[in-house]
Amino acid sequence: MKIVYRVSIPEPATHLVHVEMEVGSAAGPLPDALELFMAVWTPGSYLVREYARHVEGLVAAAPASGVEVRKVRKNAWRVKTQGAASLLVRYRVYAGELTVRTNHVDETHAFLV
């Protein structure tokens with residue numbers, strides 16, 4: 001399985017990072033369902049972090065196939081692929097808190113963890 005990420009920041013003043021994840025398989029169709037997880041930890045930190053709480057607008061699409069996305073845990077989404085050969089997932093991450101453990105984006109810089 002091949003996964004390619006694209007990250008863009010079209011409007012830094014909004015503190016939003018746009019993420020695209022393309023999932024494909026050269027060996028045939030994708031499994032009927034995929035579970036997408038976001039980490040709940042940071043290396044060197046012993047606390048559980050809630051990174052997924054900053055995710056908004058998660059959608060998925062596949063060429064010539066309908067897909068269904070459902071949040072199944074606070075940090076996981078299940079995508080029913082309907083046997084598609086590839087999948088495109090898009091979401092935004094709010095990055096408005098400036099600490100050593102969080103994302104921050106504005107007109108002067110982008111710090112992504």
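This note goes through the predicted model point by point.

1. **Ground rules.** The model is predicted: local features need pLDDT of at least 70, side-chain atom pairs count only at pLDDT 80 or more, and totals for chains, interfaces and linings use all residues. Residues are numbered from 1 along each chain as its sequence is written, and side-chain values use heavy atoms, with hydrogens and water left out.

2. **Overall fold.** The protein has nine strands and zero helices. Helices (H or I, at least four residues) and strands (E, at least two) are DSSP runs, numbered from the N terminus. Read from that end, the order is β-β-β-β-β-β-β-β-β. The C-alpha trace spans about 40 × 30 × 20 Å along its principal axes.

3. The protein has 113 residues, and 31% of them are buried. Buried means under 20% relative accessible area, exposed over 50%, and partly exposed in between (1.4 Å probe, protein chains only). A contact means heavy atoms within 4.5 Å. Take the contacts with a separation of 6 or more: 55% of them join residues 24 or more positions apart.

4. **Surface.** The accessible surface is about 7200 Å², and 56% of it belongs to carbon and sulfur atoms. Such areas come from the Shrake-Rupley method with a 1.4 Å probe; for residues, only the protein chains shown count as cover. Met1, Ile3 and Tyr5 make a nonpolar patch of about 370 Å². Patches are made of residues with over 30% relative accessible area and no salt bridge; like charges are joined within 9 Å, nonpolar side chains (Val, Leu, Ile, Met, Phe, Trp, Tyr) within 5 Å. Tyr5 sits in strand S1 (residues 2-8). Tyr5 counts as exposed because its relative accessibility is 52%.

5. **Charges.** There are 13 positive and 11 negative side chains, with the centres of the two sets 7 Å apart. Lys and Arg count as positive, Asp and Glu as negative; His and the chain ends are not counted. The place of a charge is NZ of Lys, CZ of Arg, CG of Asp or CD of Glu.

6. Side chains of opposite charge can pair when their charged atoms come close. The structure holds six salt bridges. A salt bridge is a side-chain nitrogen of Lys or Arg within 4 Å of a carboxyl oxygen of Asp or Glu. Glu20 and Arg6 form one of them, at 3.7 Å from N to O. The two are 14 residues apart, with Glu20 in strand S2 (residues 16-24) and Arg6 in strand S1. Glu20 is partly exposed at 23%, and Arg6 is partly exposed at 39%.

7. **Salt bridge Glu35 to Arg78.** Here the closest N and O atoms are 2.2 Å apart. Glu35 is partly exposed at 33%. Arg78 is partly exposed at 26%.

8. **Salt bridge Glu50 to Lys74.** The closest N and O atoms of this pair are 3.1 Å apart. Glu50 lies in the loop between S3 and strand S4 (55-61) and Lys74 in the loop between S5 and S6, so the pair ties together parts 24 residues apart in sequence. Salt bridges that share partners also join Arg6, Glu20, Glu22 and Arg90 into one network.

9. **A look at Arg70.** Is Arg70 buried, partly exposed or exposed? Arg70 counts as partly exposed because its relative accessibility is 44%. Arg70 belongs to strand S5 (residues 68-73). Leaving out residues up to four places away in sequence, Arg70 touches Ala76, Trp77 and Arg78.
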